[in-house]
Amino acid sequence: MQTFPTSYRLMNVASGREFEDTGWLLDDPLGERPSLIRAIYEKKQLIPKEDAYGIYKFADWLPVSRFLQGSCAPVTYKSKTLANYLNVDKLYICFSGYFPEIGANMTTCSFKETEAYSVCGRITSDRKGVLVVASAGNTARAFAKVCSDNYIPLLLCVPEDNLDALWFDKPLNDCVKLICAKSGCDYFDAIHLSNIVVKSNNYYPEGGAKNVARRDGMATTMLSATTFIGEIPDYYFQAVGSGTGAIAAYEANLRLIADGRFSNKKMKLFLSQNLPFLPMLNAWNANSRELLPFNDMEARKQVEEIDAKVLSNRKPPYSVAGGLFDAMIDAGGAFAAISNEEARHAAALFEEMEGIDIHPAAAVATANLLKAVENNEIDKSKIIMLNITGGGEKLFKKSHSLHYLKPNHIFEMNPKEEEVMRVIEKLGIRN
């Protein structure tokens with residue numbers, strides 16, 4: 001573990017006010033309305049370090065105070081087989097996962113590692129308390145790995161139905177604990193559980209999209225692609241649950257324009273959700289900043305139906321100032337609804353063409369690309385970035401024995417605050 005603090009300030013996106021990061025700030029303390037905050041880095045031009053630094057090769061634009069052990073940056077390469085199949089000239093795949101053949105060695109097989117190494121790198125070594133992360137699966141796996149390897153106290157809140165996502169290639173350190181929302185609950189229930197936990201003084205929230213380190217960690221996919229290509233892409237394809245990764249890519253796009261070496265264009269955001277769970281798509285197609293009303297029980301039912309469970313956020317940062325609505329209004333783009341069948345077809349095609357298995361969310365993004373090409377929604381001569389946010393899990397599991405994290409406690413739906421507090425006090429997680 002090395003200490004190399006990055007120099008940056010924070011900015012309220014709504015007001016433009018800049019201020020110092022005095023600690024674990026997730027909002028502007030003087031902000032008058034809900035708004036994301038954004039990191040403004042002292043270094044305006046990005047100078048990547050050697051690959052040996054892992055994700056911290058992009059530390060110039062990461063709000064970190066230290067470099068943690070074990071990270072791997074996303075890997076970008078130019079597609080040949082899939083590009084030929086689609087008859088496109090410049091298809092670049094940014095791959096986050098396990099694909100040693102191209103140098104991708106994320107052992108959790110997900111780009112959520114980019115978030116975890118950045119967020120945990122923002123935590124100062126003298127920070128007291130326990131980090132709390134709510135997740136539908138992949139984020140929990142990434143944070144568990146990073147915190148276990150670097151002895152950072154962590155409490156995960158995950159739906160019981162997603163426990164099969166919590167696999168690891170070795171047993172975890174005892175500094176990582178897990179509580180669950182019972183079967184039938186979803187990601188929103190896990191968030192609700194985490195919101196109760198952080199009322200305790202011994203626990204602090206990771207912050208989700210509000211944490212600049214999460215977004216700028218995810219933005220390394222965009223930094224990987226642009227520095228490899230030498231130019232900002234024209235089109236960006238990703239499946240979204242919260243939309244945080246797309247917001248991150250947009251913010252990185254703005255920094256890359258300011259850098260001055262990669263063109264001054266804003267790439268169009270081609271985003272997708274998994275049918276029938278479409279809260280952001282429905283709002284966007286209605287030209288609405290606010291998400292449209294929907295029934296919680298109906299939403300839970302829809303989440304049960306989708307293959308890409310990680311795309312199941314019921315309260316995404318879509319409407320907030322600096323959120324996904326603002327990013328898409330400024331950059332341009334479109335939403336697509338992708339069925340399970342379309343995603344499964346895309347996953348099989350990708351594995352056949354590119355030689356590696358991909359996660360359901362990445363398959364949703366790939367299916368969106370197939371549709372966009374088929375419907376002539378994009379110029380085939382332009383630069384396309386396909387963000388493969390997870391893959392290689394099948395390959396990884398073939399060559400590794402697995403260990404599953406078991407929950408320390410499973411809560412009924414909508415547990416009482418006193419019960420949650422009583423349970424977490426007994427967990428005994430300490431610095």
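1. The largest cavity. Its lining consists of A181, D189, H192, L193, F411, E412, N414 and P415. A cavity is a set of points, on a 1 Å grid over the protein atoms alone, where a 1.4 Å probe fits but cannot get out; lining residues have an atom within 4 Å of a point. The space inside is about 50 Å³. Here, grid points are joined across faces, edges and corners, and a volume is the space filled by probe spheres set on the points. A search of the whole structure finds one cavity of 30 Å³ or more. Helix α4 (residues 187-197) supplies the largest share of the lining, three residues. Helices (H or I, at least four residues) and strands (E, at least two) are DSSP runs, numbered from the N terminus. By class, the lining has four nonpolar, two polar and two charged residues. Ala, Val, Leu, Ile, Met, Phe, Trp, Tyr, Cys and Pro count as nonpolar, Asp, Glu, Lys and Arg as charged, and the others, Gly among them, as polar.

2. What you are looking at. This is a predicted model, in which local features need pLDDT of at least 70 and side-chain atom pairs count only at pLDDT 80 or more, while totals for chains, interfaces and linings use all residues. Residues are numbered from 1 along each chain as its sequence is written, and side-chain values use heavy atoms, with hydrogens and water left out.

3. The largest pocket. A pocket is an open set of grid points with protein on both sides within 12 Å along at least five of seven lines. The largest one holds about 1000 Å³ of space. Its lining has 50 residues, and Y187, I191, G208, A209 and N313 lie nearest its centre. Elements giving two or more residues include β8, α3 (138-150), α5 (212-218) and α12 (360-374). Helix α4 gives the most, with five residues. The lining divides into 24 nonpolar, 20 polar and six charged residues.

4. The second largest pocket. Its space is about 360 Å³. Of its 18 lining residues, N138, D164, A165, P360 and E393 are the closest to the centre. Helices α3, α12 and α13 (393-399) each give two or more residues to this lining. The classes here are seven nonpolar, four polar and seven charged.

5. Strand β8. How many of the five residues of β8 (residues 130-134) are buried? Five of the five are, so the strand is largely enclosed by the rest of the structure. Buried means under 20% relative accessible area, exposed over 50%, partly exposed in between (1.4 Å probe, protein chains only). V130, V132 and A134 point one way, L131 and V133 the other. In a regular strand the side chains alternate between the two faces of the sheet.

6. Partners of β8. Two strands pair if DSSP finds at least two bridges between them. Strand β8 runs parallel to β12 (residues 203-205), joined by three bridges. Here L131 stands opposite Y204. Strand β9 (residues 154-159) also pairs with β8 in the parallel sense, over four bridges. In β9, C157 is the bridge partner of A134.

7. The open sheet. Three strands make up an open sheet, in the order β2-β1-β3, with antiparallel pairing. β2 (18-19) and β3 (37-41) stand at the edges, each with a single partner strand, so one side of each has no neighbour in the sheet. Two bridges join β1 (residues 8-12) to β2. M11 stands opposite E18 in β2.

8. The cores. A nonpolar core is a set of buried Ala, Val, Leu, Ile, Met, Phe, Trp, Tyr and Cys residues joined through side-chain atoms within 4.5 Å. The largest has 50 residues, of which M222, Y236, L269, L271, L324 and F335 touch the most other members. Helix α7 (residues 244-259) gives the most to this core, with seven residues. A second, separate core of 41 residues includes A239, L311, A361 and L370.

9. Two residues to check. G241 is in the loop between β13 (235-239) and α7. Is G241 buried or exposed? G241 is buried, with a relative accessible area of 7%. Its C-alpha atom is 9.1 Å from that of A308, 67 residues apart along the chain. S272 is in strand β14 (residues 268-274). S272 counts as buried too, at 0% relative accessibility. Leaving aside neighbours within four places in sequence, S272 is in contact (heavy atoms within 4.5 Å) with residues including Q238, F335 and N368.
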